[in-house]
Amino acid sequence: MGHVDHGKTSLLDAIRQSNVMDTEIGAYHVELESGSVVFLDTPGHAAFTAMRARGAQVTDIVVLVVAADDGVMPQTVEALNHAKAAGVPILVVLNKMDVESARPDHVKRQLAEYDLVPEEWGGQTIFVEISAKERIGIEELLEMLLLEAELLELSANPNKPARGTVAEAKLDKGRGPVATVLVQNGTLRVGDVFVAGRYNGKVRAMINDRGHHVKNAPPSTPVEVLGFTGVPEAGDQFFVVGSERDAKALSEFRQAQHRATQLGPQSRVSLEELFQQIQEGDIKELNIIVKGDVQGSVEAVFDSLQRLSADEVKINVIHQAVGGITETDVLLASASNAIVVGFNVHPTTGALIAKENEDIDVRTYSVIYDLISDVRSAMEGLLEPEVREVVVGRGIVRELFRTPRMGTIAGSYVNWGRIIRNYALRVLRDNRLVYEGQVDSLRHFKEDVTEVQANYECGIGVSTFDDFKVDDVLECYTHERIPRLLK
Ligand code: GDP
């Protein structure tokens, strides 16, 4: 991933040429002595994030390409925020090192501000300096990728039924549904029965990234697969199952599930429903994407949001940038369950369509105060209500009765508030706590009652406590949940 013109295509070309391959599919498989690497040639972070929005995690490492003469640009930041939001490690490639105006140290300083600190400066990010044009540093980059893979302990077992992800799929006139599947674990073989998303099938043929028919595909191989019952979606999980009956049953179940999620309630975060969503689920963080007309306004919004962040509800600004709200922003929001706020900017048409499809809360404002105040009100619902003890009444024990069923009953006089059945009860003697239980039985004369008001007499029984004494103070209390306001 990287900013336009920073050399992604050239880098892929360089990798492909030095490894002689001619491919039609959007994934390249590079064999090295110490292992193999698959490059997913996605058109950009939008595709990457779209896949992730569907729950697919196909990328183990993101290669962030930055032109050393141009430095960090808007799409660089966007790409690294997408990678970070996905929790995918980033390896930085400083490209165009052959150009005289290349300033690698300057770019490193820029990236350090985004927590991508090179190892030589005490950080943990691998930086590789290359020239895609002059084919310099390509081998080193590939080695670094394998090293990183080793460190991340990325491994797979070829002796298992295959599992993978659909990278792309289409309906081919002559061949029917065709999908590029990235095998991530196990080995895929011709004749295997599989489920992919809502469809199933039997592998009729497989074509590798060099255009050759293959009989089997081990882990980390992209292959074109023929034999689907329908066209799956990019990002669909693909896995081999034992029998065609299982495959059918599973895909039917998934069809039904798909229909249900299409019709059912959405679990998207939105400012309106935050409060309820918090109460039902366990959302404790609000992810926000901030877009604005100028750097100053973006920073102002960011700062104000940071100040709103409380211990109970953290505000994560997962991406902030100058510019209109784009489709990519909406996809990132979808993948990260975030909302998008814009200050003095508006969504592009693509963003509007994506917003509808993905059901994302996108809001635009022209006054920062309004923006902050909306988020604040949503958060007040978001904040866990404070649980506070409320004393509802007090009584004093005047005499003791013994009953066979409840044991000792405290004949009491309510001198303040109310004593309420089933509420908590505390027994105080000389201002010290003796016991805490609850009002299990409450009587006014011979009658069972639910509560007794001040200035009345009553009999109080606590099933777990028998040791009342005359002059004990009984305090009846409860817990109330009080919605909290932010300071
Ligand atoms: P992409 O938009 O990120 O895919 O970038 P491209 O690969 O299309 O490269 C954009 C331009 O930069 C092209 O004109 C390339 O020839 C040029 N370019 C790419 N890599 C290098 C490099 O290492 N050195 C120099 N001098 N130019 C490069």
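**A buried contact, a helix pair and a ligand site**

The side chain of Glu475 makes a polar contact with the side chain of Arg394, at 2.8 Å. A polar contact is a pair of N or O atoms within 3.5 Å; within protein, one must be able to donate a hydrogen and the other to accept it, and residues adjacent in sequence count only if both atoms are side-chain atoms. This is a predicted model, in which local features need pLDDT of at least 70 and side-chain atom pairs count only at pLDDT 80 or more, while totals for chains, interfaces and linings use all residues. Residues are numbered from 1 along each chain as its sequence is written, and side-chain values use heavy atoms, with hydrogens and water left out.

Student: Is Glu475 buried or exposed, and what is its relative accessible area?

Tutor: Glu475 sits in strand β27, residues 473-482; strands (E, at least two residues) and helices (H or I, at least four) are DSSP runs, numbered from the N terminus. Buried means under 20% relative accessible area, exposed over 50%, partly exposed in between (1.4 Å probe, protein chains only). Glu475 is therefore buried, with a relative accessible area of 8%.

Student: Which residues is Glu475 in contact with, leaving aside its neighbours within four places in sequence?

Tutor: Contact means heavy atoms within 4.5 Å. With those neighbours left aside, Glu475 is in contact with Val391, Gly393, Arg394, Ala424, Leu425, Arg426 and Leu428.

Student: How are α9 and α10 oriented to each other?

Tutor: Helix α9 (residues 327-336) and helix α10 (residues 349-358) pack at an angle of about 20 degrees, with their axes 7 Å apart. Axes are lines fitted to C-alpha atoms, for helices over the stretch in contact, and angles run from 0 to 180 degrees between N-to-C directions. Angles under 35 degrees count as roughly parallel, over 145 as roughly antiparallel, 65 to 115 as roughly perpendicular and the rest as oblique. The two helices, α9 and α10, are therefore roughly parallel.

Student: Which atom of the ligand lies 2.7 Å from a polar side-chain atom of Asp98?

Tutor: The ligand is surrounded by 15 residues, the closest being Asp5, Lys8, Thr9, Ser10 and Asp98; a residue is near a molecule or strand if one of its heavy atoms lies within 4 Å of it. A backbone N or O atom of Lys8 lies 2.8 Å from an oxygen atom of the ligand, and a polar side-chain atom of Ser10 lies 2.6 Å from an oxygen atom of the ligand. For Asp98, the ligand atom at 2.7 Å is a nitrogen atom.
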